[in-house]
Amino acid sequence: MESITTHHIIEAVGWLAVAFKLATFSMNSMIWLRVLVILSSVCFIIYSAVFQIWPLLAIEVILLAINAYRLYELIALRRLVTHMTDESEADFSAAMAYGKRRDIEAGDVLFEKGDAVDCMYYLAEGLVEIEGQNVTVPAGNIFGEMAFFNSSAERMATVRCVEDTVVYEVNEKRFTRLQYEDPKFAMSVMRLVTKRLVANAAQTQEA
């Protein structure tokens, strides 16, 4: 009688695993989806271990590790977004690890209006001016990134170095990789792009 009861309990665990797996298809939140997938894997691991279904056990152990790590990433990203307020200082320095260094003398033009877009820039040292907009960009900031969000793929303004300048060029492929690998950098870029779009819209309305 005891063995039959145990058998039924383990079988119920297997059906519970199926229920968790099916429930994932109704989830809108990625965090809860990962939680349900993890619970499903735990149940399947118990079920397959008792009945010695080794292929199922192996795949569920692997899926459990992958989904647990993905859940950790999601929670970490959520905490990052929560703590990044408008007053927090943006940090774009990660671009130096992905970009190509260029040293430019004062007075030189970095790119001109209408040029084809090939990269964005992180300004490590010096000062640059966006001509025609009366805007200067100090060290520690990025510029030229708006072109990656513009379908025209052309520079919207000329940028000239006011001082001897050190920049790091980051092409679109590396820019995409950087945003994926460094969520803090990605959030800083999103906030910067949003602010600049709002500012441009305000200037358009005033004109």
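Tutor: By class, eight nonpolar, one polar and four charged residues form the lining of the second largest pocket. The model is predicted. The pocket's volume is about 380 Å³. Of its 13 lining residues, the closest to the centre are Glu-73, Leu-74, Leu-77, Tyr-180 and Pro-183. Helices H2 (30–50), H3 (54–83) and H5 (172–181) each give two or more residues to this lining. H3 provides the largest share, seven residues.

Now stay with Glu-73. Its side chain meets that of Arg-70 in a salt bridge, at 2.8 Å from N to O. Arg-70 is partly exposed, with a relative accessible area of 30%. Glu-73 is partly exposed too, at 31%.

The count of salt bridges comes to six. Two others link loops and strands. Arg-155 pairs with Asp-118 at 3.8 Å, N to O. Arg-155 sits in the loop between strands S6 and S7, and Asp-118 in the loop between S2 and S3, so the bridge ties together parts 37 residues apart in sequence. Arg-155 is buried, at 4% relative accessible area.

Arg-160 forms a salt bridge with Glu-131, and their closest N and O atoms are 2.5 Å apart. Arg-160 belongs to strand S7, while Glu-131 lies in the loop between S4 and S5, so this pair ties together parts 29 residues apart in sequence. Arg-160 is partly exposed, at 29% relative accessibility. Glu-131 is also partly exposed, with a relative accessible area of 29%.

Note on methods. Residues are numbered from 1 along each chain as its sequence is written. This is a predicted model: local features need pLDDT of at least 70, side-chain atom pairs count only at pLDDT 80 or more; totals for chains, interfaces and linings use all residues. Side-chain values use heavy atoms; hydrogens and water are left out. On a 1 Å grid over the protein atoms alone, a cavity is a set of points where a 1.4 Å probe fits but cannot get out, and a pocket is an open set with protein on both sides within 12 Å along at least five of seven lines; lining residues have an atom within 4 Å of a point. Grid points are joined across faces, edges and corners, and a volume is the space filled by probe spheres set on the points. Helices (H or I, at least four residues) and strands (E, at least two) are DSSP runs, numbered from the N terminus. Ala, Val, Leu, Ile, Met, Phe, Trp, Tyr, Cys and Pro count as nonpolar, Asp, Glu, Lys and Arg as charged, and the others, Gly among them, as polar. A salt bridge is a side-chain nitrogen of Lys or Arg within 4 Å of a carboxyl oxygen of Asp or Glu. Buried means under 20% relative accessible area, exposed over 50%, partly exposed in between (1.4 Å probe, protein chains only).
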